[in-house]
Amino acid sequence: MAPVTATADTMTRQEWADEVRRLAKERDAVILAHNYQRPEIQDVAHHTGDSLALSRLAASVDASTIVFCGVHFMAETAKILAPEKTVLLPDPNAGCSLADTITAEDVRAWKAEHPGAVVVAYVNTTAAVKAETDICCTSSNAADVIRSIPEDREILFLPDQFLGAHVKRVTGRENIHVWMGECHVHAGIDGHTLRERVASEPDAEVYVHPECGCATSALYLVGSGAVPQERVKVLSTGGMLTAAENTTAKKVLIATETGMLHQLRNANSTTSFEAVNSRAECHYMKMIDADKLLDSLRFGTTEITVGAETAERARRSVERMVAIGSPSRGGE
């Protein structure tokens, strides 16, 4: 057994992993890791996936403690769905540039400008924002959520402008107002970069996350005939994983945060997966490292709480989404 004072630097990778799992068992904890986490965190976790799938797992597992290796809003969502469990976030400063683009006050003011509108929130939002909305969605079921709303009702979609634009395209709904928020990492994967990579890799398939700034360009490439339709797929992270397991392509270009490459390469060792933009790395997602995970398990850092009223209202928004149909594998 490694001494309490041991750090990741003083252990081998296997010793560190063994100590993490020992501490998790001792604390009656399950470790959940988002697809964008560091590879070593993904590998040691009991479950890896997108934020909503992991939060739903948090509610169903027997463990009394959830160690969520992700960002703050994800740990909040786990607490909303599993209020009786202790939820730990190894680094409380792990935030989200997309979630930060809108506040609960912003939502209230927007609703006042559009009385009677249905408010749809991407799961990448804080608990306080979810509490002000009518229904949540993921990138994989956003279109189904929109279609569940009567066509004569105005919709306020928040906070991601690129996912909102994608949903407007695929549903044909014109009465959707979209909040102009963005994930700084996905926004940085732009159309120019995508077009250059596609031109340099004429035989590669392309998987594009709908949060990306290049999602419109991807669809334009298909619509213009520059790229065959079967080569370009706009997918959630879970959709990417399923597609990766089934593809026979020699190479696939990936337009999302680079942490996803680890899961894709594990799923299919015969295909080469490369980032459209190799600099598309979320520093918030990489804040949780080997030592911070150890400290969270040893000392209980940092517990995430959500006020009872906020949690109840936010939970209704998530449950309405689930009632429409369970999010597919990897909802983001």
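Contact here means heavy atoms within 4.5 Å. I am working from a predicted model.

**Entry 1: the cores.** I looked up L297 first. L297 touches V20, L23, A24, R27, A29, I31 and V67, leaving aside residues up to four places away in sequence. I then turned to the largest nonpolar core, which has 100 residues. L297 is among those with the most contacts inside it, along with W16, I31, V120 and L293. I also found a second, separate core of nine residues. V107, V119, A121 and L158 are included in that one.

**Entry 2: helix α5.** I went on to α5, residues 104–113. Its buried residues include A104, V107 and W110. They sit on the same side of α5, because they cover an arc of only 120° around the axis. On the other side I noted E105, A112 and E113 as exposed. What do the buried residues of α5 pack against? I listed β5 (118–122), α6 (127–130), β7 (155–158) and β8 (176–178).

**Entry 3: the backbone.** Most peptide bonds are trans, and most residues other than glycine have a negative phi. I looked for departures. L158 and P159 are joined by a cis peptide bond, with omega about -10°. I placed P159 in the loop between β7 and α8 (161–171). Another cis bond joins T301 and T302, with omega about -15°. T302 is in the loop between α14 (290–299) and α15 (308–324).

**Entry 4: D28.** D28 is not a glycine, yet its phi is positive, about 55°. I found D28 in the loop between α1 (13–27) and β1 (29–34). Is D28 buried, exposed or partly exposed? D28 counts as partly exposed, because its relative accessibility is 38%.

Definitions and conventions
Residues are numbered from 1 along each chain as its sequence is written. This is a predicted model: local features need pLDDT of at least 70, side-chain atom pairs count only at pLDDT 80 or more; totals for chains, interfaces and linings use all residues. Side-chain values use heavy atoms; hydrogens and water are left out. A nonpolar core is a set of buried Ala, Val, Leu, Ile, Met, Phe, Trp, Tyr and Cys residues joined through side-chain atoms within 4.5 Å. Buried means under 20% relative accessible area, exposed over 50%, partly exposed in between (1.4 Å probe, protein chains only). Helices (H or I, at least four residues) and strands (E, at least two) are DSSP runs, numbered from the N terminus. The arc is that of the directions from the helix axis to the C-beta atoms.
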